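Hello,

I am handing over a structure that may be new to you. Please have a look at it first, then read my notes below.

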Amino acid sequence: MIPKEIEKAFNEQIKKELDSAYLYLSMAAYFEHENLEGMAHWMKKQAQEEVGHAMKFFEHINERGGRVELYALNEPKKDWSSPLEVFKHTYEHEQKVTASINSLVELAKKLNDNASLVFLNWFVNEQIEEEANAQKILSLLERIKDNFAGIIMLDAELAKRE
């Protein structure tokens, strides 16, 4: 059986993961409006990943005899001033997700819930990758600034994300 405190925290994490997906879809909509299809594609893939993360928590709760509860999603931001601002927001958001995962690890340790610790290990590693990917794009955009050719080249590169 999953401890009730972990069950509640994991249900809250499902919401956070789905809020992330919703945010990334909003970013994709912004990029499509700006005719940056590659960046829109990258954000759509990111949104799909976040739904996948939510489903991992969903399945874990169910597999351990808990009950999944879905909470209302937050309305995401919808306007940004530039691709640079979008990816700053993305990187900061991923840092918040990392902090949330780290809090879950601490809770699982406190409750001696080894099954949750093993489960959360995947997310700890995933967040290293998530932050690194966002930071890399952010770093490139900080160098590109408002250079139209640079933005178009990066947009073409981000379109290749599988």
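**What was found**

Asn62 counts as partly exposed, because its relative accessibility is 36% and partly exposed covers the range between under 20% (buried) and over 50% (exposed). Please keep in mind that this is a predicted model.

Asn62 is found in helix 2, which covers residues 37–63. Its distance to Met1 deserves a look. Asn62 and Met1 are 61 residues apart in sequence. In space, C-alpha to C-alpha, Asn62 and Met1 are 9.7 Å apart.

**The largest pocket**

Start with the largest pocket. About 240 Å³ of space lies in it. Its lining is made by Trp42, Asn133, Lys136, Ile137, Leu140, Leu154, Glu157, Leu158, Lys160 and Arg161.

Which helices each supply at least two residues of this lining? They are helix 4 (114–144) and helix 5 (148–158). Helix 4 gives the largest share, with 4 residues.

By class, the lining of the largest pocket has 5 nonpolar residues, 4 charged residues and 1 polar residue. Trp42, Ile137, Leu140, Leu154 and Leu158 are the nonpolar ones. Lys136, Glu157, Lys160 and Arg161 are charged. Asn133 is polar.

**The second largest pocket**

Next comes the second largest pocket. About 200 Å³ of space lies in this one. Its lining has 13 residues. Which of them lie nearest the centre of the second largest pocket? Lys16, Asp19, Ser20, Asn74 and His93 do.

Helix 1 (4–33) and helix 3 (83–110) each supply at least two residues of this lining. The largest share, 5 residues, comes from helix 1.

By class, the lining of the second largest pocket has 6 charged, 4 polar and 3 nonpolar residues.

**A nonpolar patch**

Last, the surface. Tyr22, Leu25 and Leu73 make a nonpolar surface patch of about 270 Å². Tyr22 lies in helix 1, the helix that also gives the largest share of the lining of the second largest pocket.

Is Tyr22 buried, partly exposed or exposed? Tyr22 is partly exposed, because its relative accessible area is 40%. Patches are made of residues with over 30% relative accessible area, so Tyr22, at 40%, passes that cut-off.

**Where to look**

Go on to helix 4 and helix 5 at the largest pocket. Then view helix 1 and helix 3 at the second largest pocket. Finish at the patch of Tyr22, Leu25 and Leu73.

Best wishes

Methods. Residues numbered from 1 in each chain as written. Predicted model: local features only at pLDDT ≥ 70, side-chain atom pairs only at ≥ 80, totals over all residues. Heavy atoms only, no water. 1 Å grid on protein atoms, 1.4 Å probe; cavity = no way out; pocket = protein on both sides within 12 Å on 5 of 7 lines; lining within 4 Å. Points joined across faces, edges and corners; volume = space filled by probe spheres on them. Patch = residues over 30% accessible without salt bridge, like charges linked within 9 Å, V, L, I, M, F, W, Y side chains within 5 Å. Areas by Shrake-Rupley, 256 points an atom, 1.4 Å probe, with all protein chains shown as cover. Salt bridge = Lys/Arg side-chain N within 4 Å of Asp/Glu carboxyl O. Buried < 20%, exposed > 50% of the residue type's maximum accessible area, 1.4 Å probe, protein only.
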